[in-house]
Amino acid sequence: MRYQNATAYRFLAPYLLIFSIFWLWPIIDSFLISFQATRTVPWRFAPGFNWGRLIGDPAFFNALKNTLLILVIQVPVMITLAIVMAVLLNSPLLKARGLFRFAFFAPVVVGEVAYSAVFRLMFNLDYGIINKLLNSVGLPSIDWFSNVTPAMAVIMIAVTWRWAGYNAIILLAGLQSIPQDVYEAATLDRVSKVKQFFYITLPLLKPIIVFCAVLSIIGTMQLFTEPFLITERGGPGGGTETLGLLLYRQGFRSLNFGYASAIAYTMAGLAIAISLVQLWLTREPK
Amino acid sequence: MSSRSSSSRSSARLGRSIALHLFLTPLALIWLFPLWMMVIFSTMPDRGIFSPSIELLPHGNFLDNVTNLQRGTNFIGAIGISVSVAVTYTFLSVLLTSMAGWALARYQFFGKGIVAAIILGTITLPYAVVLIPQFIMVARDFKLANTWVALIVPPLFNSLGVLFMRQAFSMMPHELFDAARVEGVKEWRIFLFVALPLARPMLAALAIILFLASWNNYLWPLLINSKPGAMTAPVALGTLIGLTKVSWGGIMAGAVLLTAPMLVVFVLLQRHFIAGIAAGAIK
Amino acid sequence: MAGVSLNNVVKRFGDFEIIHGASLDITDGEFVVFVGPSGCGKSTLLRMIAGLEDISGGEIAIGGKVMNDVEPADRGIAMVFQSYALYPHMSVEQNLSFGLRMNGNPKADTDRRVKRASEILRITELMARRPRQLSGGQRQRVAIGRAIVREPQVFLFDEPLSNLDAELRVQMRVEISRLHKELGTTMIYVTHDQIEAMTLADRIVVLRGGHVEQIGRPLDLYSDPDNQFVAGFVGSPKMNFITARVLERGASGVTVELAGGTRLTQPLKGPAPEPGSKVVVGVRPEHFGHAGKGDADLSVTIDVVEHLGGTSFLYASTAAGDDIVIQRDAAEVSDAPEITVSVRKSYLFDDKGRRLR
């Protein structure tokens, strides 16, 4: 190959320009802003101002706790569900495959606002279809949005509904890339289907499962629209406020950009840590 | 002997098949339920939605709901903005990222390793990190709030397409491009007339994913284009959700208007759709 | 029309040198084949001539003009690729004319050239088809046609027949030979197949590990190889190598002892190795005679006999354990385990593989 600097950069330049202005520079800028006091104009450099506030702010720890709680419960449930969906959709015994695929994959195209509205309506206390169905089988209504635990549950259910199929698509592609003869060999060796799943499918799928988990964690960590719209700005009483919502509130309601940037960088730190865990989990055995 | 063993095999298969469908069918119904309810709600008058009876079949109130929605907020106008923005964004993003992906796949150049490393290294950073500076820059420095440019240009930083197209181009036989080069075809013509036509399925997949992302984008348009006449459809719909005196049938009609076109696209172009999402896992 | 000359050409990837100074003069109209095992650098050398790879050192000139910094398209070359590199989304006709169209060549001239190429290669009925609707041989023709359309001064072929089955390969080989006669243009052809090299080339360049081992006409390489590698590479089945030991050096040459005590005296002009040192005697399968009719008889154990009809191959081993292959006319095959080596048709190599003459 010959070096072709001029040609290469002519193709790269338009994208790199946008990438630098709207991604690279803001990453740096955000870091700088997090060290400035931005409540008053002009902004001034005050390293401890935002970060000092952060480590003593109960609202921050509440949002962090909520975010981590959602992560720890919702992501494993969703990934497990996605694996089940993918494996079953991949079964040669399945009839009407197209219909099942549509059912599980369709939520992928539904926008956050649209499905937030539907879930909010479905879980309405007096007239929501969920409570009506509970009543019809003799169970009492649940006041979903006035208590923290059920409100969190609604958010987790909504997010799982929206994203399980998405992960199932990725996992299904991974499953289909496993050569069939591996299973045929195992069948000849009298290995049961269940054992084949645990000793062949799961290990071969591991890098993709880890990838999905990381993608989901980073996505869920930024959760904003669901608590914003479904539980009405993180209600009840901040019980479902996430880091994403806190950032929005601080940055765009209180216009406290410095503090919001510090919150953003906390999320970035978490994301980097999780990416490192991913690298470690999927490292090639030496 | 052999017929007996084969019949026991096929009955075991039948058993497994029944178990599979018994498990998967209810799960599929649960999964379809919210979408179904969205459609039902959108066809019901508000007093129907807020009544004690269980309604699982569509009514005939859809157009009235749309009218209510249109009265509350200029939703049709907002959809117009959403369509234009998504189309323009998709076109520009596909163009820019496939050019960049081509450069990374095809050429040897100074700084190639650094460019690739920066793109790959920052791809998992949360979008929230750049939200504040992006907003300050676009709204305060460039004074572009409530404009189309603000909706279209900043999200073009998305590097998914670069990696996706780099992968697509580097999987093509490089002799093809060498052959064109030996024939004296200029590089941009090789890109335009050889590489891009060959990448058509990948371009379709990428375009669908980007279009969907733009169509459904909520947070950035919410922040930057909050003036009523400049809102995208999801933002316009979102403003209604928090209000107390609002037509929920209208909101649901809006949700259907946002979702149905994407579902149609999904059904028609399922293969490209799935390819686009699955390719996210290819590193 | 132009010749090609390489002057001490070097290729490095980073610190890793893969072509160690190749020099070669190809005269106008000559058919030169680069041959060697995979990884010997033959394709890299060809791509350097084409301009697809940078030249790390030395010079490449085409038609007397140094081409090191000239774009591939301006070197007056056309190239046929191993994978054919046909544009899958274009018809045969569009494939042939693509380069000319893209460079604004007048349409009438383009049409004329495409028509001529399609006639030369007899693909006129295929012009509307897409590459995937063509057989391997037809694709190959289109790929060559695309080169002809350029009316180049030099044709470059990069293993063009390696994706074809055996029968088609023979057919296309003849076709390329015919093409060379018809066009009279300089052609450089890369292959790992020594039969292709022997049948096509005016001259062969044998490469190994980035070094030029020998350059010569096919029959010269066959009858007078410079070293053990070339001797083993050219000719099919391969030359046999029998280990031996130097006994003495006399006025008439050097006497070596083969396994089982057989002695052979080879005339030698140059210096001979010390008595006692190891040497290798090379004998082609077709050059073993019947016992008693040559210069040194050798007794062997026959393991397997393959009858191909006209000829037969005897797979045998010597007393010292060297595996050898003997070619015989079918009628002459006997169980006699005695064969003979004649001095005129054997070669002597020292322990580093250098030819002793």
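How many residues does the contact take from chain A and from chain B? The contact takes 77 residues from chain A and 75 residues from chain B. This is a predicted model, in which local features need pLDDT of at least 70, side-chain atom pairs count only at pLDDT 80 or more, and totals for chains, interfaces and linings use all residues. Residues are numbered from 1 along each chain as its sequence is written, while chains are lettered from A and ligands numbered from 1 in the order in which they are written.

**View 1. The side of chain A that touches chain B.**
Two residues are in contact if their C-beta atoms, placed from the backbone, lie within 7 Å. By this rule, the contact joins 77 residues of chain A to 75 residues of chain B. Helix α1 (residues 5–33) of chain A gives the largest share of the chain A side, 17 residues. Helices (H or I, at least four residues) and strands (E, at least two) are DSSP runs, numbered from the N terminus. Sorted by class, the chain A side has 55 nonpolar, 15 polar and seven charged residues. Here Ala, Val, Leu, Ile, Met, Phe, Trp, Tyr, Cys and Pro count as nonpolar, Asp, Glu, Lys and Arg as charged, and the others, Gly among them, as polar.

**View 2. Chain A as a whole.**
Chain A has 12 helices and two strands. Along the sequence, the pattern of chain A is α-β-β-α-α-α-α-α-α-α-α-α-α-α. The C-alpha atoms of chain A fill a box of roughly 75 × 75 × 35 Å, taken along the principal axes.

**View 3. Helices α1 and α12 of chain A.**
Two packed helices are described by the angle between their axes and the distance between the axes. For α1(A) and helix α12 (residues 257–281) of chain A, the angle is about 120° and the axes are 8 Å apart. That angle makes α1(A) oblique to α12(A). Axes are lines fitted to C-alpha atoms, for helices over the stretch in contact, and angles run from 0 to 180 degrees between N-to-C directions. Angles under 35 degrees count as roughly parallel, over 145 as roughly antiparallel, 65 to 115 as roughly perpendicular and the rest as oblique. The crossing of α1(A) and α12(A) is left-handed, a term used if the near helix is turned anticlockwise from the far one by less than a right angle (right-handed if clockwise). From α1(A), the contact is made by A:Ser30, A:Phe31 and A:Ile33, and from α12(A) by A:Phe257, A:Gly258, A:Ser261, A:Ala264 and A:Tyr265. These residues divide into five nonpolar, three polar and no charged.

**View 4. Helix α7 of chain A against helix α15 of chain B.**
Helix α7 (residues 148–176) of chain A packs on helix α15 (residues 270–278) of chain B at an angle of about 85°, with their axes 9 Å apart. The two helices, α7(A) and α15(B), are therefore roughly perpendicular to each other. In α7(A) the contact is made by A:Tyr166, A:Ile169, A:Ile170 and A:Ala173, and in α15(B) by B:Ile274, B:Ile277 and B:Ala278. This contact has seven nonpolar, no polar and no charged residues.

**View 5. The two domains of chain B.**
Chain B is divided into domain 1 (2–63) and domain 2 (65–278), with bounds that come from an automatic or database domain assignment. The C-alpha centres of these domains of chain B lie 33 Å apart. Their contact takes 11 residues from domain 1 and 11 residues from domain 2. On the domain 1 side, α1(B) gives the largest share, four residues. That side divides into eight nonpolar, two polar and one charged.

**View 6. Chain B beside chain C.**
The contact takes 14 residues from chain B and 18 residues from chain C. On the chain B side, α9 (174–182) and α10 (187–198) are the elements that give two or more residues. The largest share of that side, six residues, comes from α9(B). By class, the chain B side has eight nonpolar, one polar and five charged residues.

**View 7. Paired strands of chain C.**
Strand β1 (residues 4–13) and strand β2 (residues 16–26) of chain C pair in the antiparallel sense over eight bridges. Two strands pair if DSSP finds at least two bridges between them. C:Val10 stands opposite C:His20 in β2(C). β1(C) and β2(C) form a hairpin with two residues between them, and C:Gly14 in the turn has a positive phi of about 65°.
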